[in-house]
Amino acid sequence: MKKNHTSTAWLTWGIMLVGANLRLPITMIPPLLPTIKQTLGLPASMAGMLTTIPLLMFALASPLIAKMGNRRGNEWSLLVALVILLAGSLLRIIPSLTALIAGTLLIGFGISGGNVLLPAIIKDQFPHSIGAKTSLYTVTMGLIASLGTGLAGLLNQQFNMQITPAAFSLVGVFGLLVWTLAFRTLPKKAARQGVQRKNIAVSRSMLAWWIALFFGLQSFLYYSLLTWLPSLWQAAGFSQIAAGNLATIFQLSGMPATLSIPFIAEKRHGLLYSVCGIMLGFVLGALGILIPGANFGLNVVYALLMGVASGAAFTICIVFFQKKTADAYETASLSGFAQSVGYLFAAVGPVLYGFIQTATGSWDLLLWLTVGLTLLMFVAGLIINANHRIFPSKANR
């Protein structure tokens, strides 16, 4: 597909700004929870649902979005998803518990559009710079998500609960505006090319199931560790501030991996080395935290190891979606399938970790469970690396 320089520039900016919206609406919520509970009367038992709802929506919406992309075109479908995402963000400005829940549901659907369709759009629109464009959106996603967590509390203290989501919704406005301009620069045929193939049954591919398992395990580990590592470190004797700092290091340290993995994957044996590195990061980090009496400096290292592994694991899933498929249609279908299965599994993670800790009173058991799940993910990664594509021959499509 031929694109002029204007189209390429708008698409590049669009990819970056869409990436900026794929985690921010979720990561801005935790610092606001005390205010939300007090202002809207949100029960403590439901507070965690504001994080779980988007994950469940990712699972439910991903296959629908993949089908819409293959039927109507990935670029057009992403435009619709961004409209829904912005609508959800604006709805959450209203000081109402009903509006908050409804807005979160719409946000989950909208984010699913970017999660599923961006890898396919990059593969289709930028076949010669897949690594660079993938890094662009994953790094932007992680950076803005981290900044959102820090700024949300600050804005809430300085202003009020309505101003904070209103300010962050501007990121959604810019994303929608730029993607609309990018879409308008595409040839009509290119923008709607999805009508050529409507259904791709990736669930018939065993490799697709392995990729879904890998995606599910990395999501399970990330959201479970993000939820419970601060409590674990406090139980180990660190102060609340120190535990929070270690959790922030865990979250931020994944960004260098999201930048480098797409380029490493292009090298010979790059995927294999990446899978091995992810396994070592999670295992060494978890085993390190198990050591009693460790100081803050050592735990910084352990947080870094697990954070880098987590960032690399998410990004290599995007690479799998692109490298294990023949075209953008298959990429969107595989992305939707793997994320549907994976996020459904991931939504159980924080709850399961909490249940196990409450039932056993042991934090060590959670770390050993992390090691076990990491080894299972490592096996899945080796199997994925050993296979070329989800449909090796045309006869299988």
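Predicted model: local features only at pLDDT ≥ 70, side-chain atom pairs only at ≥ 80, totals over all residues.

Reader: How do you know whether the radius of gyration agrees with a compact globule?

Author: A compact globule with 397 residues would have a radius of gyration near 21 Å, and the protein has 20 Å, so the two agree. Along the principal axes, the C-alpha atoms fill a box of roughly 60 × 50 × 35 Å.

Reader: Which secondary structure elements does the protein have?

Author: There are 18 helices and zero strands. As for contacts with a separation of 6 or more, 84% of them come from residues 24 or more positions apart.

Reader: Why are H11 and H12 called roughly antiparallel?

Author: Helix H11 spans residues 206–235 and helix H12 residues 240–252; they pack at about 155°, with axes 8 Å apart. Angles over 145 degrees count as roughly antiparallel, and therefore H11 and H12 get that name. Their crossing is right-handed.

Reader: Which residues make the contact, and how many of them are nonpolar, polar or charged?

Author: H11 brings Tyr222, Leu225, Leu226, Leu229, Pro230, Trp233 and Gln234, while H12 brings Gln240, Ala243, Leu246, Ala247, Phe250 and Gln251. They divide into 10 nonpolar, three polar and no charged residues.

Definitions and conventions: Residues numbered from 1 in each chain as written. Heavy atoms only, no water. Axes fitted to C-alpha atoms, helices over the stretch in contact; angles between N-to-C directions. Helix = DSSP H or I, 4+ residues; strand = E, 2+ residues; numbered from the N terminus. Parallel < 35°, antiparallel > 145°, perpendicular 65-115°, else oblique. Left-handed = near helix turned anticlockwise from the far one by under 90°. Contact = heavy atoms within 4.5 Å. Nonpolar A, V, L, I, M, F, W, Y, C, P; charged D, E, K, R; others polar. Rg over C-alpha atoms; globule rule 2.2 N^0.38 Å.
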